[in-house]
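Hi,

Here's the structure I promised to pass on. Have a look at it first, and then I'll go through what turned up.

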Amino acid sequence: MCRRGKRRLAGGWHGFGKACALPKSNKRKAAQKDGVQKMKKKLLALFMALVMVSGVMAGCGSPKEAEGEAASAQTEGEGQTENKQAEDGQEADEDEPKELTKVTLSAQPALHSLGIYVALDKGWFEEEGLDVDVLTYIAGAPQLEAVASDSWSVGVMGIAAGVTGLVSYDLTCLGFSFWDYSSQKLYVRPDSEIALAGQGQVEGYEGIYGTPELYKGKTILCTKGSLGHLQLLATLDALGLKEDDVNIVHMEIAAAYQAFLAGEGDAVCLWSTFSADGEGEGLIPASSCEAAKLFVPSVILASDKALADEETTQKIMNVIFRGTMWVNENREEAAQYYYDLCIDEGVTCTEEYALSYVQESDAPTVEEYKAMFEGDEFSANLEMAMKYYIACGTYSEADMDKVMNGFDGTMLMNAIEFYEENYAE
Amino acid sequence: MPLDGKIKLKAEHLCKIYFSSKGDMDAVEDISLEVKENEFLVILGPGQCGKSVFLNMLCGLEEPTNGKIYRDGTEIHGTDEKISMVFQRMAIMPWKNSMQNVEMGPKYHGVNKNVRRQSGMRFLEMVGLKGFEGSYPRQLSGGMKQRVGIARAYNADAEILLMDEPFGALDAQTRYQMQDEILRIWEKDRRTILFVTNNIEEAIYLGDRIVLLSKRPAVVKEIYDLSHLPRPRDNVSRSFMEMRKEITDAMDLGLE
Amino acid sequence: MEQMIRESKKREALGRMKKESIRNLCLGIVGIAGLLLLWDMVARFGIIPKNLIVSPWEVVKTLAIKMSDTKPEGSLLLAHITSSLIVALSGYALALLIGIPLGLLMGWYKAIDRLIGPVFEVLRPVPPIAWIPFTIIFLGIGLEAKAVIIFLSAFIPCLINSYSGIKLTNQVYVNVAATCGASRWETFCRVGIPSAMPMVFAGMRISLGNAWSTLVAAEMLAANKGLGYMILMGRTYGRVDLIMSGMVMIGILGIIFNAVFDRVERFVLRWRVTR
């Protein structure tokens, strides 16, 4: 009997039991309580220490640049830092070196950001006293995540991501660079019912193929949150359908394109090279931004920090506008920039495609820019995009106000004036 | 009990060599042996002499390099359903309870479930484990596990039971108990038993005859007839002690 | 020992044991509570920027809202959970059905080992995500493709553990079966497999973890429902609360799985010697 009892006791001395081994004494109960109290105190102390340590470590905040680099390195390799030093930076009549303000911008390997890269290459930022780094992102989501950790101050992206930036990241929209709607199309196979039904059956939207009935229940491969998705929403709206009437499968564009070619899905949303490729394969554009009358621009967003420093941000806007106008007027050379940019960032592109894409894309003239902001045309665009998102439940009415109040075209107007004074022919 | 009965098991010049490119190992050189029906034959030898290998050959787990085995006069190769083995340790499948372990032999031969159960119960009772049919090995002591092993061997309908140092892993106390137990079981249900041990006292206590093996590679050194010792054996009697001395001397325990 | 003294000693001993188990429980709770507190403070004081983290209470709120609200990604929480469970468990079941028998056979029959082993070693290091383009082409974008991605990461521990487990079969058991007249196949079924069970279960447990954690990658392939999808949408629309809710939900379900698995294991392996 006794032996069995001893064995149990031995078992109880394992691990923590041992650490808190109670001394055998007659005042056992009191000693036990004491032991438990001590334990509690130790634990409390331990995790106060934990909290303090984590606070100190995080508070040992890294300077903006290091944070930016760390954050961009984390965004799954979708961001890269380019630091192209311009060859000649100084104005001829300055003998002392200007002190350059350090600034980080963000952009995408797309036509709407081309102005920034051109300006960087030609040294126009340095002319204005800015030392610029550009973070490149292939998609809007990681680009916005980076601004949350203060990685960049001004950035260019599509309107879909732009709206998210206004709603969820408290950014401000300063304007736009290019129209963003060319090459955004919804493709179907040439032998599908939609293609065979032909165009012209939807009132007011004669560019769309087929009838609403044909679209119901179809499986559409699409990258949600992209402009392609917005185009799809616009198409559905034109057809009088809701998002629930079709089956949208979220896929990244390269995978979506591959899958579609392999026979998956009834329709796919494509853009840029994928569109060109798809048409080469004989796919039919059942709808597009143009057909759905979605003439949207890209957007330029700025963080609160950027707005606090108005002077610098204005200079940035000036240069961006200058670069954008250059692209507008020098399409062939711009195509080369576009091609190089795509190759650097790993985006599929051919020289022929670059040329045709850049040459054929719509770009606003200076007058059109002015008109966008003097009238309410720009905010109308934002409103339209938001309407589609609200209809499918992505954002709520409350978010609409945020978006409408979130843009301020003053700096862009100033940039246009600056351009007209200094560089226009 | 008079031991002139027929020859149950016969080993003729059994030999086992493990060949290898790095050097051969001669385990059993030459063992020739006749086991009488229902006798309790003890095989005694120093450690590592090859007695386990010999037993494995008899039971079919190892193939003899040379030599023949006869059961009831007919030559046998490989495993034989009339020959069963009780192992020294870890012979009870831990995932089966006692009854399932005991049932193993008949189960593999496709015997009906009820019949199996009945005979299984019978033998469990015989080895003194009534009430423990549903227990798992982790709930049984060492001695009890060996008893299950014995019951299984019996239940497998074996006429010849080979036992390879079955009590070697038990503590001294249990060992003595089990020695009495095995004799009691043998009295109750007589079968031919070949019992391997390296313990001289155990050999004399249990056996009708003792086959003394040499060091490795094993040959038969001497065969002792113990029929002059009365059962139950008294391990402090003079005749016991004399036998013990004789065998000890013969075993030549010095290091060579 | 006198009865009275014996009983009082027993009471003391039982009391001590109870205290110890309470203490252990408290430690566990304190650990989790500490983590939650840390998390809350980090979110509240902006140690990590507010757009990248959300406090635990927000997560609870979001989960509650998602139970009845399909916005913003179009499905209720339950639909997401169901979809993810189907995907993950399909892949897991496939892993068990293929990995375990294959591992057992490879471990028992040398011929099978020599045949399949090298192929397995070559394919093993390839990460499941790398298979996505292939699966799209051959299996499309439905449940099959996603289940296969999960299968690829889940079946390796199953196979390896089954293999090792059966290789460790005690030779004595094999001998016993042989003396009972069992063929090699019978011995495989009646001795090899039961004997390998503890290791097979260990492999199954690891596989379960793998399957569950590959879920997000598999749903990245193509989805319109699921916890991984919910996280992806959270990222696309800047809704950190969705991201973290998804993560927490995945974590909770993982814990539940583990607990259920524990129970099952303890029942099936009730013969095992525990210390």
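A question to start with: how many bridges join strand β6 of chain A to strand β9 of chain A? There are four, and the two strands, residues 185–188 for β6(A) and 267–270 for β9(A), run antiparallel. If you want to find the spot on screen, look for V188(A), which stands opposite A267(A) in β9(A). Do keep in mind that this is a predicted model.

**The sheet in chain A**

That pair belongs to an open sheet of five strands in chain A, ordered β8-β7-β9-β6-β10, with mixed pairing. At the edges sit β8 and β10 (284–288) of chain A, each of which pairs on one side only. On average, neighbouring strands of this sheet are turned by 30° against each other, direction ignored.

There's a helix to look at here too. α11 of chain A (residues 227–239) lies across β6, β7 (219–222), β9 and β10 of chain A. Against β9(A), helix α11(A) runs at about 130°.

**Where chain A touches chain C**

On to the contact between chains: 37 residues of chain A are in contact with 37 residues of chain C. On the chain A side, the elements giving two or more residues are α2 (15–19), α3 (28–59), α7 (140–148), α8 (159–168), β8 (247–250) and α12 (253–261). The most comes from α3(A), with nine residues. Sorted by class, the chain A side has 19 nonpolar, 14 polar and four charged residues.

**A helix pair in chain C**

Within chain C, have a look at helices α7 (residues 171–179) and α8 (residues 184–213). Their axes are 10 Å apart and they pack at an angle of about 160°, so α7(C) and α8(C) are roughly antiparallel to each other. The crossing of α7(C) past α8(C) is right-handed. From α7(C), the contact uses Y173(C), V174(C), A177(C) and A178(C), while α8(C) brings T187(C), R190(C), V191(C) and S195(C). By class that makes five nonpolar, two polar and one charged.

Cheers

Notes
Residues numbered from 1 in each chain as written. Chains lettered and ligands numbered in written order. Predicted model: local features only at pLDDT ≥ 70, side-chain atom pairs only at ≥ 80, totals over all residues. Contact = placed C-beta atoms within 7 Å. Nonpolar A, V, L, I, M, F, W, Y, C, P; charged D, E, K, R; others polar. Axes fitted to C-alpha atoms, helices over the stretch in contact; angles between N-to-C directions. Parallel < 35°, antiparallel > 145°, perpendicular 65-115°, else oblique. Left-handed = near helix turned anticlockwise from the far one by under 90°. Pairing = 2+ DSSP bridges.
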